[in-house]
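Reader: Could we go through the side-chain contacts in this model together? Please begin with the terms.

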Amino acid sequence: MKAVAMKNTTTVKARRAPVASRAGQAKRAVRVQAEKKDRWAGLADDSGPGNDQMDIHRGRGMVGSGFQGAAGMQGTHNQIQSSSDYMSGGLKTYDNTTAEGFYISKPFLDKLTVHIAKNFMELPKIKVPLILGVWGGKGQGKTFQTHLAFQKLGVNPIVMSAGELESGNAGEPAKLVRQRYREASDVIKKGKMCSLFINDLDAGAGRMGGTTQYTVNNQMVNATLMNIADSPTNVQLPGVYNNEEIPRVPIICTGNDFSTLYAPLIRDGRMEKFYWNPTREDRVGICSGIFKDDDIGEVAIERLVDAFPNQSIDFFGALRARIYDDLVRGFIGDTGLENLSSRLVNSREGPPKFAPPQMDVESLMRYGNLLVEEQENVKRVQLADAYLDGAELAGVEGTSLPEDVKAI
């Protein structure tokens, strides 16, 4: 029996041996294959367990500042791929050729240049306001003049709009203001002048009459800007309390009515105010830039400006756009309504091109009077007031028909 058992055991071992040898060979083959594989192969196609671009971005600030580049600029610690989730779209760069032919107001350029220069200087015992508030009437070209001045100075600003100053999440806009400020400071740290530019601050952080809700975000944005104006070199993100000094960043804001903002924010120690009301010389110069490709002459431009003295600057831009209405109508007539969609969207012929129309003063005056009539209609008819008063038909005498049609 022992002999039979030993024989059976030997047979089992003999049968198991090939299985073990095959497993060992498989392990050695896997080991050899793993050694041959490039451990950095995932970096080439950004594959692997994590997103390398995200990892690079999260690593900002974890190494010395001398080894990482400013956001949006050349540097060793910036991600290559761009995504709105982890890359700010606030940095605005300019083409140097776009400013050619456009008029920059001398008082405007002087005010903005002096404010930016003072914020980069060490003046003895002088309190320099951090914020410059450019305010004035609607459509007067405040934002465009600011961009032209930035371009003239070689400043690529970090831009924010009024829509970013409100959010469904409480505290997000105030955090975004701090992030954008620190991005601009990061650019300055790398040796390039920068500024934080906030468009229409009063629309995002102001209170427009009694019907506008004063939200938590309005309050926190005002408080954050006040805090930054008081401590411009120590701006931390929420929850971070490192005593780290960063470069000072001048802030430029535009708006229509700064009286809607929190009063302590616009006091003289924090914000310097500049009321932009273009003079006749400014209006003629800006309109010369608007009509620079039309060659209508300086005399014609002066006549237009004098004919519509109470209109804003963008009125003349809308006036020039009206001249192309006849060309567009002719294009629609030649193409046909049924073929318009295929011609304008994904067409092999590309977008339609028009020869510059012949502009004369009489045509411009005629279109200008039509625009003024539309403005007067808005003031006269006032549909909203008529509806609120009780579903009456809008019009001068309670009818929606024009007076000339009613007379017939």
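Author: A charge sits over a ring if NZ of Lys or CZ of Arg is within 6 Å of the ring centre and within 35 degrees of the ring normal. The charged end of Arg366 sits over the ring of Tyr367, 5.2 Å from its centre. Likewise, the charged end of Lys292 lies over the ring of Phe102, at 4.3 Å from the ring centre. This is a predicted model, in which local features need pLDDT of at least 70 and side-chain atom pairs count only at pLDDT 80 or more, while totals for chains, interfaces and linings use all residues. Residues are numbered from 1 along each chain as its sequence is written, and side-chain values use heavy atoms, with hydrogens and water left out.

Reader: How many salt bridges does the structure hold?

Author: There are 11 salt bridges, each being a side-chain nitrogen of Lys or Arg within 4 Å of a carboxyl oxygen of Asp or Glu.

Reader: Which residue forms a salt bridge with Lys111?

Author: Glu272 does, with the closest N and O atoms 2.8 Å apart. This pair links distant parts of the chain, 161 residues apart: Lys111 is in helix α4 (residues 106–119) and Glu272 in strand β5 (residues 271–275). Helices (H or I, at least four residues) and strands (E, at least two) are DSSP runs, numbered from the N terminus.

Reader: Which residues are linked in a network of salt bridges?

Author: Arg280, Glu302 and Asp306 are linked in such a network. Between Arg280 and Glu302, the closest N and O atoms are 3.9 Å apart.

Reader: Moving on to the rings, how many aromatic pairs are there?

Author: The count comes to eight aromatic pairs. Rings of Phe, Tyr and Trp (its six-membered ring) pair if their centres lie within 6.5 Å; planes under 30 degrees apart count as stacked, over 60 as edge-to-face and the rest as tilted. Phe150 and Phe197 form an edge-to-face pair, 5.8 Å centre to centre with 75° between the planes.

Reader: Where are Phe150 and Phe197 in the chain?

Author: Phe150 lies in helix α5 (residues 142–153) and Phe197 in strand β3 (residues 196–198). Phe150 is buried at 0% relative accessible area, and Phe197 is buried at 0%.

Definitions and conventions:
Buried means under 20% relative accessible area, exposed over 50%, partly exposed in between (1.4 Å probe, protein chains only).
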